[in-house]
Amino acid sequence: MTENIAIHWFRQDLRLSDNPALYKAASHGKVLPLFILDDGNAGDYTMGSASRLWLHHSLKSLNNSLGGNLSVYHGNPIYILDEILTRFDINAIYWNRCYEPWRIDRDKKIKDHLKKSINVESCNGSLLWEPWTIKKDDGTHYKVFSPFYRKGCLQAERPRNFIPSPSNVKYLRDNDGSVNLNQLKLLPILCWNKKLEPNWSIGEIGAHTRFQQFIKEGLSQYKDGRNLPAKPYVSRLSPYLHFGEISPNQLWHTVKSISDDKHIDHFCSELGWREFSYSQLYHNPDLPTKNLQPKFNSFPWANDSEVLRAWEKGLTGIPMVDAGMRELWQTGYMHNRIRMIVGSFLVKNLRLHWHHGERWFWETLVDADLANNSASWQWIAGCGADAAPYFRIFNPVTQGKKFDPNGSYVRRFIPEIASLPDKYLFSPWETPNHILEESGIELGNTYPNPIVDLKQSRDAALAAFQSLKQGVS
DNA sequence: TGAAATGTTGGGGCG
DNA sequence: ACGCCCCAACATTTC
């Protein structure tokens with residue numbers, strides 16, 4: 001009797017537990033687990049540097065969990081898979097679905113091709129609800145979050161419960177055709193990773209540790225605590241979710257089993273926002289590049305690469321903004337409220353196109369995710385489906401006083417102004433001269449003068465928005 | 001998942 | 001005692 005061998009193609013599901021496709025592959029027979037780095041098909045959305053760094057460590061960790069049996073390749077999957085089929089007696093392949101438009105196109109072609117010779121099956125390993133199943137009564141997709149989540153998701157079928165890791169699997173390794181992980185060259189050339197790595201424990205085990213930590217110190221204060229960037233009340237699970245080191249189903253059912261309160265509900269609704277982003281991307285493949293509201297196509301954006309550079313590097317002279325941008329650069333992550341603040345500042349006060357922000361986040365965030373990133377930038381820019389109205393402009397000074405009341409977030413990331421009293425920490429330009437001197441701060445030298453006047457730029461943004469409305473109606 | 005401008009109310013100082 | 005003004009404090013509207 002011939003033995004059954006199945007491929008499990010790891011993609012954005014770099015875990016063993018609650019992995020539906022892996023589970024099926026394992027019940028089929030022996031498993032050849034593999035990963036393919038595919039840069040050629042991604043167009044403008046090849047992975048950014050932070051994502052690559054994360055991927056490197058995640059693959060390393062996955063390989064360990066598989067007893068060293070992960071086979072890794074670099075190139076076009078359709079050719080690589082074909083070549084593997086010539087050397088192994090494979091009769092099935094399993095994978096969990098991805099939802100970026102370019103991957104949907106690619107996978108469809110691969111599926112049609114492979115179906116001719118072997119059994120091909122794809123599963124849902126990344127989403128609580130498939131985007132095509134959540135529809136309004138009239139059959140179209142939701143465009144507003146609240147009904148999407150309440151009516152669409154919560155009244156749809158309950159998310160699948162999580163399943164265990166497959167046990168007693170016999171793994172095979174492709175020693176001839178695969179490459180060494182280091183040959184993927186995923187680590188940055190500069191020593192940027194030395195700063196990022198200590199902040200994270202990358203991989204499936206790290207994901208579960210992080211989740212347990214969040215349950216212990218964040219979940220019970222999540223609803224309001226999630227707004228405080230200096231506190232440990234947010235989950236920081238986004239990169240793990242992006243790479244599938246932990247599944248949303250595992251998070252959903254685990255927190256639901258703990259209790260039923262407003263904090264749990266709020267955490268689940270944040271998972272709902274993730275679903276909403278994926279739904280928007282699925283139904284609007286242009287979401288990463290095209291304004292959902294066409295009237296924004298004629299918006300009078302500014303164009304100033306110096307100013308953009310100052311934003312990217314955290315040298316705008318606005319502490320709350322600079323702290324966020326430096327957190328991003330130093331850790332590959334930014335607290336959600338701060339993402340809204342720096343986003344609003346870029347798009348409204350600096351009036352630079354949201355594409356610039358989207359690009360920088362794509363390059364530097366360890367949780368860079370096409371659906372979440374583009375949906376969120378469209379949201380903050382005001383041009384998305386269920387977007388924050390354009391006139392909702394964050395004041396980084398007010399936001400700082402409100403959400404970082406003792407200044408510990410700003411002081412952590414901008415040590416050069418740490419000695420300022422709380423009163424002036426968020427607006428150093430208002431500090432009386434003698435206090436600046438006592439603190440050893442020289443604006444324009446030790447810390448920048450603000451690159452824009454908050455009030456003037458706010459008024460200018462509103463005027464620009466006003467001109468837009470007249471142009472269309 | 002804003003902020004600023006404008007409107008309203010009510011208590012206290014003061015002639 | 002009374003009316004008037006001032007201005008927090010809060011509510012509503014507007015961008």
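Ala, Val, Leu, Ile, Met, Phe, Trp, Tyr, Cys and Pro count here as nonpolar, Asp, Glu, Lys and Arg as charged, and the others, Gly among them, as polar. With that in hand, welcome to this predicted model.

Let us start at the DNA. The residues of the surface near DNA strand B divide into seven nonpolar, three polar and one charged.

Next comes the domain layout of chain A, as the domain assignment gives it.

| Domain of chain A | Residues |
|---|---|
| domain 1 | 5-125 |
| domain 2 | 127-161 + 204-283 |
| domain 3 | 294-468 |

The C-alpha centres of domain 1 and domain 3 are 39 Å apart. Their contact takes eight residues from domain 1 and nine residues from domain 3. On the domain 1 side, the touching residues comprise four nonpolar, three polar and one charged.

Finally, a look inside. In soluble globular proteins, nonpolar side chains tend to be buried together. The largest nonpolar core here has 112 residues, and Leu 34 and Val 410 touch the most other members. Helix α16 (residues 370-381) gives the most to this core, with seven residues. Leaving aside residues up to four places away in sequence, Val 410 touches Pro 319, Met 320, Ala 323, Gly 400, Asp 404, Leu 425 and Phe 426.

Methods:
Residues are numbered from 1 along each chain as its sequence is written. Chains are lettered from A and ligands numbered from 1 in the order in which they are written. This is a predicted model: local features need pLDDT of at least 70, side-chain atom pairs count only at pLDDT 80 or more; totals for chains, interfaces and linings use all residues. A nonpolar core is a set of buried Ala, Val, Leu, Ile, Met, Phe, Trp, Tyr and Cys residues joined through C-beta atoms within 7 Å. A residue is buried if 20 or more other C-beta atoms lie within 10 Å of its own, exposed if 12 or fewer, and partly exposed in between; C-beta atoms are placed from the backbone. Helices (H or I, at least four residues) and strands (E, at least two) are DSSP runs, numbered from the N terminus. Two residues are in contact if their C-beta atoms, placed from the backbone, lie within 7 Å. Domain bounds come from an automatic or database domain assignment.
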